[in-house]
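Reader: I would like to learn how to read a few features of a protein model. Please take them one at a time.

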Amino acid sequence: MAKIIISRDGQIEQQIQLSKERMTLGRHPRNDIVLSHPAVSGEHAVIVTILDDSFLEDLHSTNGTFVNGHRIGKHFLQHQDAIKMAKFQVEFVADGVRPSAAAQPVLAEIEVLNGNNAGKHVALTKPQTTLGRAGVQVVVIHRQPELYTITHVEGAQPPLLNGVALSKQPARLNHGDVIDLSGTRMAFRIA
């Protein structure tokens with residue numbers, strides 16, 4: 001889990017784990033991380049963390065947010081980025097080296113068989129992948145250690161798996177299975 005180290009005048013004041021998806025920084029006590037100084041805006045910035053990636057966004061603060069000497073609006077944080085907010089120096093510390101996307105094994109994928117996206121491949125590397133259009137028809141594919149399942153989660157019309165309507169219960173996916181989602185046909189393939 002990534003963390004930030006907050007210093008002022010060379011003295012470390014706080015070390016905070018980025019334990020929530022969204023953590024606000026600012027002068028007001030309602031912030032997740034309070035920076036008590038008049039030059040810090042009430043709601044100065046926010047750090048959003050999704051899986052291993054953290055983003056810093058300035059919330060239109062009066063005096064700005066700087067990363068490595070440059071004023072930012074939104075910034076993808078890298079290990080040891082130096083953040084400056086008013087009198088505070090904040091160091092971003094990643095919990096390890098991020099795996100590159102190329103290094104992650106593709107265990108299975110979906111290949112779109114028809115329509116505008118025919119030929120497109122979607123790697124199923126996340127614990128769950130959502131496919132479909134909200135309000136129309138949505139399925140979730142769950143990746144488990146030894147298998148993948150598909151579940152119909154939204155929409156009046158059930159999607160089809162190999163021509164059979166899916167129920168709301170998870171169904172196991174096998175290599176070569178064909179999913180029909182609102183007329184878009186997709187093949188499930190194990191790499």
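Author: A salt bridge here is a side-chain nitrogen of Lys or Arg within 4 Å of a carboxyl oxygen of Asp or Glu. Side chains of opposite charge can pair when their charged atoms come close. One case is glutamate 43 with arginine 30, where the closest N and O atoms are 3.0 Å apart. This is a predicted model, in which local features need pLDDT of at least 70 and side-chain atom pairs count only at pLDDT 80 or more, while totals for chains, interfaces and linings use all residues. Residues are numbered from 1 along each chain as its sequence is written, and side-chain values use heavy atoms, with hydrogens and water left out.

Reader: Which parts does the pair of glutamate 43 and arginine 30 tie together?

Author: Strands (E, at least two residues) and helices (H or I, at least four) are DSSP runs, numbered from the N terminus. Glutamate 43 lies in the loop between E4 and strand E5 (45-50), and arginine 30 in the loop between E3 and E4, so the pair ties together parts that are 13 residues apart in sequence.

Reader: Is arginine 30 buried or exposed?

Author: Buried means under 20% relative accessible area, exposed means over 50%, and partly exposed is in between (1.4 Å probe, protein chains only). Arginine 30 is exposed, at a relative accessible area of 60%.

Reader: How many salt bridges does the structure hold?

Author: The structure holds 4. Another of them joins lysine 20 to aspartate 32, with 2.6 Å between the closest N and O atoms. Lysine 20 is in the loop between strand E2 (11-17) and strand E3 (22-26), and aspartate 32 is in the loop between E3 and strand E4 (33-34), so this pair ties together parts 12 residues apart in sequence. Both partners are partly exposed: lysine 20 has a relative accessible area of 42%, and aspartate 32 has 34%.

Reader: Which side chain does glutamate 111 meet in a salt bridge?

Author: Glutamate 111 meets arginine 189, at 3.0 Å from N to O. That pair links distant parts of the chain, with glutamate 111 in strand E12 (residues 108-112) and arginine 189 in strand E21 (residues 184-190), 78 residues apart. Glutamate 111 is buried, with a relative accessible area of 17%, whereas arginine 189 is partly exposed at 28%.

Reader: Now strand pairing. In which sense do E1 and E11 pair?

Author: Two strands pair if DSSP finds at least two bridges between them. Strand E1 (residues 3-8) and strand E11 (residues 88-93) are antiparallel, with 6 bridges. Within this pairing, isoleucine 6 has valine 90 of E11 as its bridge partner. Strand E10 (residues 82-85) is also joined to E11, by 4 bridges and running antiparallel. There, isoleucine 83 stands opposite valine 90.

Reader: What lies between E10 and E11?

Author: The two strands form a hairpin with 2 residues between them. Alanine 86, in this turn, has a positive phi of about 55°, although it is not a glycine. Histidine 60 is another non-glycine residue with positive phi, near 55°. Histidine 60 sits in the loop between strand E6 (53-58) and strand E7 (66-67) and is exposed, at 79% relative accessibility.

Reader: In what order do the strands of the open sheet run?

Author: In a regular strand the side chains alternate between the two faces of the sheet. Here 4 strands form an open sheet in the order E14-E15-E16-E19, with antiparallel pairing. Strand E14 (128-133) and strand E19 (171-173) are the edges, each pairing on one side only. Strand E16 (residues 148-154) pairs with E19 over 3 bridges, and threonine 149 has arginine 172 in E19 as its bridge partner.
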